[in-house]
Amino acid sequence: MSLMERARVASSQPSAGAMPNASPGLEGLKNELLERLSADEIATVMAENPHRAKNEIRSACARVFEGDHWQLVPAEEQERLVEGLIDTVFGLGPLEALLADEDITEIMVNGPYAVFYEREGKISPSAQCFENEEQVRALIDRIIGPLGRRIDEAAPMVNARLKQGHRVNAIIPPLALDGPVLTIRKFRERHYTLDELVEIGSLDAIACRFLRWAVRARKNIAVSGGTGSGKTTLLNALSCEIPRQERIITIEDSAELKFSSHPHVVRLEARPRNVEGIGEVSIRDLVINALRMRPDRIIVGECRGGEALDMLQAMNTGHDGSLTTLHANSVADVLTRLSTMVRYVADLPIGVIEAQITSALEVVVQLARSSNGRRSVREIASFAFSHEKGKGSVVSHFTWDHETGKGRWLNAPAWIDGLVHDGLANKEEVEEWKSGICSSS
């Protein structure tokens with residue numbers, strides 16, 4: 001018997017829980033639907049044929065709307081309620097419309113009645129909201145349940161990932177005082193290329209060619225910046241420049257990088273502790289293991305802890321062309337932050353650590369987001385180490401001039417001259433690029 005047939009049988013019989021005078025609404029529609037169809041029946045059909053389940057739920061809702069107390073509800077409102085119910089059952093409820101909007105990059109749920117979204121770097125309130133805290137909690141459980149994660153008073157915070165690749169963070173009472181808080185970082189189905197970043201103004205053509213050469217010349221690159229500055233976006237764009245014959249191993253806390261066109265990619269994702277408090281596999285564990293997997297390139301989605309030491313050692317022992325991101329407010333802060341991360345796991349002198357960092361990282365790209373929401377490259381630099389002083393320093397090649405609102409090239413790194421010898425560029429291209437940086441100085 002189909003869902004529709006069961007609905008007809010149930011609707012022909014009086015229901016003990018029926019409330020003819022109840023106020024119509026999404027919750028009322030859901031309750032009346034469940035009087036005719038059990039949640040188990042809906043779940044079974046959803047698992048077997050989601051498309052059929054949606055159609056039968058629509059048909060069952062049509063039978064519900066035949067009740068007298070629904071006659072005053074306009075057809076447009078009825079359709080909206082049905083779509084809202086389907087979004088709740090099959091998707092993320094009130095957030096489905098925001099997820100479907102490709103221009104929205106972040107969704108923030110601050111309790112059931114305050115939903116915000118970010119579009120083009122600017123935050124705006126959403127007309128969508130939840131009916132109560134229980135609906136937000138049910139949504140969080142629906143997201144993390146299939147991933148084997150849990151959230152409760154004993155573990156009130158969780159990180160997860162939607163099947164589309166979007167990153168999810170949830171925190172609930174008692175830590176969140178105003179109800180469950182849910183944050184979803186969205187990622188485009190198709191990532192930007194370097195040329196597309198030039199088109200939207202995130203970097204200029206001169207910087208674009210420089211970064212393309214840096215990747216192809218197997219320079220170790222770190223992309224740094226604050227939250228939401230576009231680090232993962234640029235890292236994805238840089239990865240597009242990796243030759244197709246090379247083997248790439250990506251290591252992430254939550255998988256966000258996309259390699260839709262590259263034929264040889266191994267994607268690794270860290271694993272948190274399970275309910276019993278065991279089974280954790282850290283990014284550092286994965287970095288160490290990746291060294292045994294014959295990588296041409298190692299890409300660490302974000303360097304935030306002791307894995308910094310293993311990553312630097314890999315860069316210094318033949319694994320050229322590695323890429324990573326980290327949070328830092330400036331290129332100088334990159335040096336300080338990496339030194340601190342290494343000291344998490346190794347009690348080494350600062351001078352020794354900075355010598356490793358300056359030897360390993362050959363290009364550092366600093367990103368920032370301006371007050372109008374625009375994300376752009378603010379500095380491109382490298383490091384130098386003074387054995388006399390026993391410390392590292394920043395060598396800036398490109399910097400952003402806030403007064404003119406334009407980038408300014410200061411100098412070119414020495415490896416640019418080796419591009420012709422390595423067959424990565426012809427002499428005319430290099431000379432053209434050098435004349436370009438001179439004119440921008």
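The model is predicted.

**Asp141**

- Asp141 sits in helix H7.
- Its class follows from two cut-offs: buried means under 20% relative accessible area, exposed means over 50%, and partly exposed lies in between.
- Setting aside neighbours within four places in sequence, Asp141 is in contact with Pro146 and Ile151.
- Along the chain, Asp141 and Ala170 are 29 residues apart. In space, their C-alpha atoms are 9.9 Å apart.

**Pro156**

- Pro156 lies in the loop between helix H7 (133–144) and S4.
- Is Pro156 buried or exposed? Pro156 counts as buried, because its relative accessibility is 12%.
- With neighbours within four places in sequence left aside, the contacts of Pro156 are Ile151, Ala170, Ile171, Ile172 and Leu175.
- Pro156 and Pro174 are 18 residues apart along the chain. Their C-alpha atoms are separated by 7.7 Å.

**The second largest pocket**

- The volume of the second largest pocket is about 770 Å³.
- This pocket is lined by 28 residues. Closest to its centre are Arg149, Asn159, Arg271, Pro272 and Arg273.
- Which strand gives the most to the lining of the second largest pocket? Strand S4 (residues 157–161) does, with five residues.
- By class, the lining holds 11 nonpolar, seven polar and 10 charged residues.

**Helices H12 and H13**

- Helix H12 covers residues 307–315, and helix H13 covers residues 331–345.
- The two helices pack at an angle of about 105 degrees. Their axes are 7 Å apart.
- That angle makes H12 roughly perpendicular to H13, because angles of 65 to 115 degrees count as roughly perpendicular.
- On the H12 side, the contact is made by Ala308, Leu309 and Leu312. They meet Leu338, Met341, Val342 and Val345 in H13.
- What classes of residue make up the contact of H12 with H13? There are seven nonpolar residues, no polar ones and no charged ones.

Conventions: Residues are numbered from 1 along each chain as its sequence is written. This is a predicted model: local features need pLDDT of at least 70, side-chain atom pairs count only at pLDDT 80 or more; totals for chains, interfaces and linings use all residues. Side-chain values use heavy atoms; hydrogens and water are left out. On a 1 Å grid over the protein atoms alone, a cavity is a set of points where a 1.4 Å probe fits but cannot get out, and a pocket is an open set with protein on both sides within 12 Å along at least five of seven lines; lining residues have an atom within 4 Å of a point. Grid points are joined across faces, edges and corners, and a volume is the space filled by probe spheres set on the points. Helices (H or I, at least four residues) and strands (E, at least two) are DSSP runs, numbered from the N terminus. Ala, Val, Leu, Ile, Met, Phe, Trp, Tyr, Cys and Pro count as nonpolar, Asp, Glu, Lys and Arg as charged, and the others, Gly among them, as polar. Axes are lines fitted to C-alpha atoms, for helices over the stretch in contact, and angles run from 0 to 180 degrees between N-to-C directions. Angles under 35 degrees count as roughly parallel, over 145 as roughly antiparallel, 65 to 115 as roughly perpendicular and the rest as oblique. Contact means heavy atoms within 4.5 Å. Buried means under 20% relative accessible area, exposed over 50%, partly exposed in between (1.4 Å probe, protein chains only).
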